[in-house]
Amino acid sequence: MMGTTLANAPIRLLAAHSLATIARERTVALLALLFLVLVVVAAYLGWSATSTVNAIYLRSAEYMAAQGQPIPSNPVLDTSPLALLRNMATYVSLIGALAAIVVGHQLVAGDRKAGTMPLLGTRPLRSVDLGVAKALALVVAIAALVLFAAAINTATFLVLPEFHLDAGGWARLGGFYGTSALYLLVFGFLGMWFGASAKSETVGLLIPVTVWLTVTFVLPQITSNINPVAALNPVSALADAPASTFFQLTGWALGPFSLAEAYRLVSAQLLDFMPPTFIDRSAIPPLASLLIAVTALGGAAVAAVARMDMTKGDYDA
Amino acid sequence: MHDLVQPVLTIAGKDIRDAVKDRFVILMTAFLLLASLVALAVAAIALKGDVATYVEAKAGLIALGKDASTIPDPAFYPLKLLRGFVEHVEIIGAIIGILIGYRAAASERGRQTLALIVTRPIAQWQFLAGKVLAGTAIISAGLVLAFVVAGAAVILISGVTLNPEDIVRLASVMSAAGLYALAFFLLGFVTALWAKKLPNALLLAFTVWLGFVLIAPQIGDTLDPDNQVAGGVFKQLQIAKPQQLEILQSFSTYETIRNGIEVASPTKHFERLSFAVLGIKDTYAGQPLMPILAEKTSDLVWLLAIALALGLLLFARRLDPNRLSKE
């Protein structure tokens, strides 16, 4: 933990000021609110879909009993209570990642548009301190978003006694939020990197969005599920890739870059909805992919902020 | 008449030239093409794998001295390979529409030329019509390119020439895609024209895109009980189709709500129409085109109504001189 020493005081001040600035941004607030609404929706969808499958089973069991057919086991009983939150993985990778891009972008764009860069350049401040401060602000913002989501999901489990979690379940849930924070940081750092390095504000937003589209919809086609829209359904997204040497090779070689798939795999393992037949072909474990991506993009974002022209204010266009 | 149309054409021509110079619209269209080709290549490789499995199973039966005719020959519909392409048009095509619409307004606001235009002897509707005409032309050019490349790739990959009806099917889906992208163009244009801050307009348009293109279909898909159990709940319970329908009758309200959420999204209308016309949805594979088009007219009407409503909104509201600059 960072103490309150004289050396890190500017970093703390800059981070706190950056957080206060983005908290006033309506677009950031709108996206964060949408994300939190979807966290509630995810829990409702999980509960509603599970209850409906259960009701269909009971109705089917009545029918089979009337026909004198053997009654198979209830698929709901094979489902872990944690799987109630399976849609969270989808919403984190959709709206959460987009919100993280906007937060990362605004942390830098806010200063650039306000014209405070030349002013910051006159202060006794190392350029790397500014980068570290912005990264710290991003970590705090993402942590706040994830903690809110965690609080909502925890409340969901407490008000639904039929979905009881043991100590292991709560630990897994904690691991899921930690992984979600890592995944959101990937896109937050990406937004910060291009917010600092792009000459135009629009391009600074659109490049990370294009990378997000590629990671979410294009890469998983080659490394796992061949249908792009399958990414929207937590269960369909984990359908096995076709049995072919091509998919074995692309899964192995491109798996480490297919971060949306890596996040889905870790989430499915933690929330207990991983199909037993699924094979991960990636050259490195999914969690390692996420950690490497966060470290690399965090470094790139800090370096991009540190390299910013402190004599210039606004974007070119 | 010429005096009325000429300013519209002048503005449209200028906007098209600007858009061609704007690298990002070109890059996003290239991205759509690349993603589509990846989708087609992947679908072809998966199909090749399925064919190899079929041949292997048949050879295995023959080797065991059994009757190979018990395995039916698989039907091959080359247009089915376009599933991933259609899904990319749903997602990326909508973004391209938003970007073209955003650029059409942002280019004027960024250069402070919008305030100048409203001082010229040109009606507001002429200015807006010029922009919409240019947007329609740019979207159409991008889609024609994408569909020609996709069609050529299908021929190249499958080794099957498309017949005239297949080409009409492709043209029908392309027209629906044009209408779909036009709706998102209007969304991007309206928000960028009216928003106080330009980048906020882009974010607002992306938020609406996220809601209609990804979240509404996601909720509808997730609420489908058959998607909640790997392989499908009825398959796991080994219940035949007629009994499935009988059981599902008890859940008609639930299904109505689920379907209602899905059809709130223009994406789902475009998808349902395209999947039916191209035979991607199994129940429509090999069926003649005209009855499919007749059945799916409501989806087309929905797309048309959404584009029309946004168009009316655009033309009905007067341009606010205070919102004509960059910030």
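Predicted model: local features only at pLDDT ≥ 70, side-chain atom pairs only at ≥ 80, totals over all residues.
1. Arg59(A) is partly exposed at 26% relative accessibility, where buried means under 20% relative accessible area, exposed over 50% and partly exposed in between, with a 1.4 Å probe and protein chains only. Its partner in a salt bridge is Glu62(A), with the closest N and O atoms 4.0 Å apart; a salt bridge here is a side-chain nitrogen of Lys or Arg within 4 Å of a carboxyl oxygen of Asp or Glu. Glu62(A) counts as exposed, at 52% relative accessibility.

2. Residues are numbered from 1 along each chain as its sequence is written, chains are lettered from A and ligands numbered from 1 in the order in which they are written, and side-chain values use heavy atoms, with hydrogens and water left out.

3. Helix 2 of chain A, residues 26-67, has 42 residues and reaches 60 Å from its first C-alpha to its last, close to the 62 Å expected at 1.5 Å a residue. That expected span is 1.5 Å times one less than the number of residues, and helices (H or I, at least four residues) and strands (E, at least two) are DSSP runs numbered from the N terminus. After helix 2 of chain A comes Gly68(A), with a positive phi near 75°.

4. A positive phi also occurs at Asp272(A), near 65°, in a residue other than glycine. Most residues other than glycine have a negative phi. Asp272(A) lies in the loop between helix 9 (259-270) and helix 10 (286-306) of chain A, and is partly exposed with a relative accessible area of 38%.

5. In chain B, the side chains of Arg83(B) and Glu87(B) meet in a salt bridge at 3.1 Å, N to O, and the two residues are 4 apart in helix 3 of chain B, about one helical turn. Arg83(B) is partly exposed, with a relative accessible area of 31%, whereas Glu87(B) is buried at 1%.

6. Glu271(B) and Lys268(B) are joined by a salt bridge of 3.0 Å, N to O, and both residues are buried. Separately, salt bridges that share partners connect Asp15(B), Arg103(B), Glu108(B) and Lys131(B) into one network. Over all chains, the search of the whole structure finds 16 salt bridges.

7. Chain B and chain A bury about 5000 Å² between them, 75% of it on carbon and sulfur atoms; buried area is the accessible area (1.4 Å probe) that two parts lose on being put together, summed over both. In chain B, Leu203(B), Gln218(B) and Leu237(B) lose the most area to chain A, together 12% of what that side buries. The contact, meaning heavy atoms within 4.5 Å, takes 51 residues from chain B and 61 residues from chain A. Across this interface the rule finds 0 salt bridges. Helix 7 of chain B gives the most to the side of chain B that touches chain A, with 16 residues.

8. The unreviewed UniProt entry places the feature "transmembrane region" at several stretches of chain B, including residues 177-195 and 300-316; its positions are given in the numbering used here, feature names are shortened, and annotations may be inferred rather than shown by experiment. Over residues 177-195 of chain B the chain is 95% helix and 0% strand, with the end C-alpha atoms 27 Å apart. For residues 300-316 of chain B the values are 100% helix and 0% strand, and the end C-alpha atoms are 24 Å apart.
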